[in-house]
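Me: I have a model open on my screen and would like to learn how to read it. Could you take me through a few features?

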Amino acid sequence: MLAVYCLPTIVAVYRHHHNRMPIILVNLLLGWSAIGWIVALIWSLTSPVPSQIVIVQQPQQTPPAL
C-alpha cells in the first residue's frame, strides 16, 4: 500500500523530473486525498517542454581591400 501511495514520488525520481521536489511535497502533503494523489501522478508523468535552440547564421564579412 505504501508503494502505491508513493507512486508519484517514485515515478518523478526515476524519470529525473525537473520538478521532483514539488511533486514529492504534493504527494506527501496532499496525497491522502484522491485529487492530490492524481495531480501528483499526472504531474510526475509529464515531461518538460523541450527548449528550442535558435541558430542564427550571419554571413561572413570579408575585410576591405586595400
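Reply: Gladly! Let's start with the polar contact: a pair of N or O atoms within 3.5 Å, where, within protein, one must be able to donate a hydrogen and the other to accept it, and residues adjacent in sequence count only if both atoms are side-chain atoms. Here, the side chain of His17 reaches the backbone oxygen of Trp43 at 3.2 Å, and the backbone nitrogen of Asn19 at 3.0 Å.

Me: What should I know about the model and its numbering?

Reply: The model is predicted, so local features need pLDDT of at least 70 and side-chain atom pairs count only at pLDDT 80 or more, while totals for chains, interfaces and linings use all residues. Residues are numbered from 1 along each chain as its sequence is written, and side-chain values use heavy atoms, with hydrogens and water left out.

Me: Where is the place of His17?

Reply: Helices are DSSP runs of H or I, at least four residues, and strands are runs of E, at least two, numbered from the N terminus. The protein has 4 helices and 0 strands, and His17 is in the loop between α2 (7–14) and α3 (20–30).

Me: Is His17 buried or exposed?

Reply: Buried means under 20% relative accessible area, exposed over 50%, and partly exposed in between (1.4 Å probe, protein chains only). His17 has 4%, so it is buried.

Me: Which residues is His17 in contact with, leaving aside its neighbours within four places in sequence?

Reply: Contact means heavy atoms within 4.5 Å. On that basis, His17 touches Ala12, Ile23, Trp43, Ser44 and Thr46.
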